[in-house]
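Please brief me on this structure, taking the local surroundings of selected residues and the packing of helices in turn.

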Amino acid sequence: MTRTTPYKDVTRAVCVRCGDVAAHEWTGVCAERKGGRVVYHALCRACDVGLNRVALTFVFGPDKAEELMRGYQ
């Protein structure tokens with residue numbers, strides 16, 4: 001299901017990746033749009049951390065990403 005409005009309570013949703021209880025909301029993952037509108041994705045804590053690690057590694061490289069992730073977790 002594509003969601004184009006923010007969650008009022010993301011903890012009532014399930015993670016789009018693993019199905020666990022969601023804890024965070026991501027918008028516009030991979031520049032995804034639906035009819036020109038931002039798409040919202042619910043993620044559990046573990047998947048949110050994993051996605052952050054992938055994005056930070058892509059942007060800053062593995063060493064800087066791990067340094068930044070230590071402050072995030």
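Threonine 2 counts as partly exposed because its relative accessibility is 40% (buried is under 20% relative accessible area, exposed over 50%, partly exposed in between, with a 1.4 Å probe and protein chains only). The model is predicted: local features need pLDDT of at least 70, side-chain atom pairs count only at pLDDT 80 or more, and totals for chains, interfaces and linings use all residues. Residues are numbered from 1 along each chain as its sequence is written, and side-chain values use heavy atoms, leaving out hydrogens and water.

**Threonine 2**
- Threonine 2 sits in the segment before β1 (24–27); strands are DSSP runs of E with at least two residues and helices are runs of H or I with at least four, numbered from the N terminus.
- Lys34 and Val39 are touched by threonine 2, not counting residues up to four places away in sequence; contact means heavy atoms within 4.5 Å.
- A C-alpha separation of 18 Å is found between threonine 2 and valine 21, which are 19 residues apart along the chain.

**Helices α1 and α2**
- The axes of α1 (residues 45–60) and α2 (residues 62–72) come within 8 Å and cross at roughly 145°; axes are lines fitted to C-alpha atoms, for helices over the stretch in contact, with angles from 0 to 180 degrees between N-to-C directions.
- Residues making the contact include Arg45, Asp48 and Phe60 of α1, and Pro62, Glu66 and Leu68 of α2.

**Asparagine 52**
- Asparagine 52 belongs to helix α1 and is buried, because its relative accessible area is 17%.
- Beyond its neighbours within four places in sequence, asparagine 52 contacts Trp26, Met69 and Tyr72.
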